[in-house]
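Reader: I am new to this structure. Could you take me through its side-chain contacts, one topic at a time?

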Amino acid sequence: MRADGAKGISIPGVHRLTRVLNVCSILNMRSPQRAPHTAPETAARIRDAAISAFAAQGFTKTTIRAIASAAEVSPGLVIHHFGSKEALRAQCDDHVFEALTARKRENAHKVPLVVGELFGDPVMRTQAEYLLTSMLDPSEPGQRFFTHYVETVETFIDEGIEGYVLRKFDDRRAQAATIAALALAPLILESKMRQLLGTDGVQGTMTRIAPYLFDLYQHGFIESVPAQHEPPGPRATPGSQHDPPAEQVP
């Protein structure tokens, strides 16, 4: 069994430690908790209006006044419930991430046919647009959101999800980042794929490509390689702290 440097920690031990740290990171992703809302229905209406506004206008252009107008409350009431626009965004991040993850778990057994159906739900479509807006935001909160996304994928790799078991590579962070990039690409390029495929919206586009994405996840897409070609394995990643020395690669 390979050891990890001078400390002699076994690789399974490293994986267990990484999983614990990931869980801690996920917990830390949650925004600082304020006192319970005195009017939770009003707070939820403000949060949902903010999610729609952020998804449509971005975080910089969206103002507290615009969110208040959409929620049909006063700007002062928005501040009363959330403290600031930044704190409101953090609450939106938490809510969207938890909601989308829950929907994935609930419908994992229906994949891939359910993907297009899910995007037909206007609430989920707005949340997906919010997710994309947050992921592409170059600010620290945007990075925090993407990092949390990758950490959640790492947890899925380690523990599986609703009966699905994923392959596990030593460089778990690079594997999870690759899966995250693949999962987000259809949303980022949806408008271009819509024109190319002649679909009528995100639901139609996702319905059409979902079977191919799922097949790609399950089987890959390279059927054979030239006999003389010896591609580097996933662990042969120059510079990776998880990559073992060349002589230790089986």
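Author: Buried means under 20% relative accessible area, exposed means over 50%, and partly exposed lies in between, with a 1.4 Å probe and protein chains only. This is a predicted model, in which local features need pLDDT of at least 70 and side-chain atom pairs count only at pLDDT 80 or more, while totals for chains, interfaces and linings use all residues. Residues are numbered from 1 along each chain as its sequence is written, and side-chain values use heavy atoms, with hydrogens and water left out.

Reader: Which residue forms a salt bridge with Asp 48?

Author: The partner is Arg 47, and the closest N and O atoms are 3.0 Å apart. A salt bridge here is a side-chain nitrogen of Lys or Arg within 4 Å of a carboxyl oxygen of Asp or Glu.

Reader: Is Arg 47 buried or exposed?

Author: Arg 47 counts as buried, at 19% relative accessibility.

Reader: How many salt bridges are there by this rule?

Author: The count comes to 8 salt bridges. One of them joins the side chains of Arg 144 and Asp 93, at 3.5 Å from N to O. That pair links distant parts of the chain, with Arg 144 in helix 8 and Asp 93 in helix 5, 51 residues apart. Helices are DSSP runs of H or I with at least four residues, strands are runs of E with at least two, and both are numbered from the N terminus.

Reader: And how accessible are Arg 144 and Asp 93?

Author: Arg 144 counts as partly exposed at 22% relative accessibility, whereas Asp 93 is buried at 0%.

Reader: What about Asp 121 and Arg 103?

Author: Their side chains meet in a salt bridge, 3.3 Å from N to O. Asp 121 sits in the loop between helix 6 (114-119) and helix 7, and Arg 103 is in helix 5, 18 residues apart. Asp 121 is partly exposed at 22% relative accessibility, and Arg 103 is partly exposed with a relative accessible area of 22%.

Reader: Which residues do salt bridges with shared partners join into one network?

Author: That network holds Arg 89, Asp 93, Asp 137 and Arg 144.

Reader: Over which ring does Arg 89 lie?

Author: Arg 89 lies over the face of Phe 59, at 3.6 Å from the ring centre. A charge sits over a ring if NZ of Lys or CZ of Arg is within 6 Å of the ring centre and within 35 degrees of the ring normal.

Reader: Now the rings. How many aromatic pairs does the structure hold?

Author: It holds 7 aromatic pairs. One of them is Phe 54 with Tyr 130, a tilted pair at 6.4 Å centre to centre and 55° between the planes. Rings of Phe, Tyr and Trp (its six-membered ring) pair if their centres lie within 6.5 Å; planes under 30 degrees apart count as stacked, over 60 as edge-to-face and the rest as tilted.

Reader: Are Phe 54 and Tyr 130 buried or exposed?

Author: Phe 54 is buried, with a relative accessible area of 0%, and Tyr 130 is buried, also at 0%.

Reader: How are Phe 97 and Tyr 149 arranged?

Author: Phe 97 and Tyr 149 form an edge-to-face pair, 6.1 Å centre to centre with 90° between the planes. Phe 97 belongs to helix 5 (residues 85-106) and Tyr 149 to helix 8 (residues 140-159), 52 residues apart.

Reader: Which residues do ring pairs link into a cluster?

Author: The cluster consists of Phe 54, Phe 59, Phe 97, Tyr 130, Phe 145 and Tyr 149.
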